[in-house]
Amino acid sequence: MRRLGIIGPLALALLLAASPAWAHVTVQPNEAPAGAFFAFVVRVPNERDDASATKIEVEFPPLAFVSFQDVEGWKRTVEMRILEEPLDVFGEPVSEVVGSVTWSGGEIQPGEFQDFGFSARVPEDQEELEFPALQTYSSGEVVRWIGPPDADEPAARVGIVALGGAEEQGELALL
C-alpha cells in the first residue's frame with residue numbers, strides 16, 4: 001500500500017510536467033466558416049494564485065470588418081495597420097485592418113476568466129488564423145502566448161473551414 005502512495009503522486013507530477021499548459025489565452029470558437037461574418041471571443045483565464053491578470057494584448061491577423069463588444073471595467077485600445085497588399089472583400093480593396101488590441105484597466109482574479117468579444121469577416125483564402133497574445137499580471141509577470149501549437153505557451157489559433165455548396169451539404173428540408 002505504501003508503494004502506491006508514492007507511485008501515484010510521482011506519476012501525477014510527471015504527467016503535469018510533460019503536458020502543455022491547460023489554461024491559456026484562446027480565441028473561441030476554434031473553427032469558423034470561410035467567408036462568413038462571425039462572432040468570436042478572446043478568452044483569458046488567470047493561471048496564477050497570487051496575482052490578477054490586468055492587461056491582455058492580442059495581435060490580429062488581417063481581418064476585414066472587425067468590431068468589438070464593450071467589456072465593463074476594461075479599456076480597449078485598437079492599433080490599426082496598413083497592408084502592403086490589400087484584402088479583396090466583395091470586389092473592393094481593404095488596406096487598413098486591426099493590427100492589435102489591448103484591453104487594460106480591469107482585473108481577472110485568480111481562478112476566474114474574462115471573455116473579450118469581437119466579430120469579423122473570416123477570410124476565404126486561408127486555412128488558419130493566428131492570434132499571438134501577451135498576458136500581464138499584477139505581479140509584473142508577462143506570459144507570451146506566441147508559440148506553435150505544441151509549445152508550452154501556444155498562440156491562439158482558429159481553423160477556417162470551407163463550407164461547400166448545397167450539392168455538398170445535402171438538401172434542406174422545407175416544412
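Q: Before anything else, what does contact mean here?
A: Two residues are in contact when they have heavy atoms within 4.5 Å.

Q: And what kind of model is this?
A: This is a predicted model, in which local features need pLDDT of at least 70 and side-chain atom pairs count only at pLDDT 80 or more, while totals for chains, interfaces and linings use all residues. Residues are numbered from 1 along each chain as its sequence is written, and side-chain values use heavy atoms, leaving out hydrogens and water.

Q: How many helices and strands does the protein have?
A: There are two helices and 12 strands. Both are DSSP runs numbered from the N terminus: helices are H or I with at least four residues, strands are E with at least two. From the N terminus on, the order is α-β-β-β-β-β-β-β-β-β-β-β-β-α.

Q: Which strands form the open sheet?
A: Five strands form it, in the order S6-S7-S4-S10-S11, with antiparallel pairing. Two strands pair if DSSP finds at least two bridges between them. The edge strands, each pairing on one side only, are S6 (75-89) and S11 (142-145).

Q: What holds paired strands together, in general?
A: Strands of a sheet pair through backbone hydrogen bonds, either parallel or antiparallel.

Q: How many bridges join S4 to S7?
A: Six bridges join S4 (residues 53-59) to S7 (residues 92-108). As an example, Ile 56 has Trp 103 in S7 as its bridge partner.

Q: What about S10 and S11, how many bridges there?
A: Four, and the two strands run antiparallel. Gln 135 has Val 143 in S11 as its bridge partner. The hairpin has four residues between the strands, and Gly 140 takes a positive phi near 95° there.

Q: What does Ala 133 touch?
A: Not counting residues up to four places away in sequence, Ala 133 touches Val 25, Ile 56, Glu 57, Val 58, Val 143, Arg 144, Trp 145 and Ile 146. Ala 133 and Glu 57 are 76 residues apart along the chain, but their C-alpha atoms are separated by 5.4 Å.

Q: New topic: which residues touch the most other members of the largest nonpolar core?
A: Val 42, Phe 60, Phe 118 and Phe 131, out of 32 residues in that core. A nonpolar core is a set of buried Ala, Val, Leu, Ile, Met, Phe, Trp, Tyr and Cys residues joined through side-chain atoms within 4.5 Å. S7 gives the most to this core, with four residues.

Q: What is Phe 60 in contact with?
A: Leaving aside neighbours within four places in sequence, its contacts include Val 66, Phe 68, Arg 81, Val 98, Phe 118 and Phe 131.

Q: Last one: what share of the protein's residues count as buried?
A: Of the 175 residues, 35% count as buried.

Technical notes:
Buried < 20%, exposed > 50% of the residue type's maximum accessible area, 1.4 Å probe, protein only.
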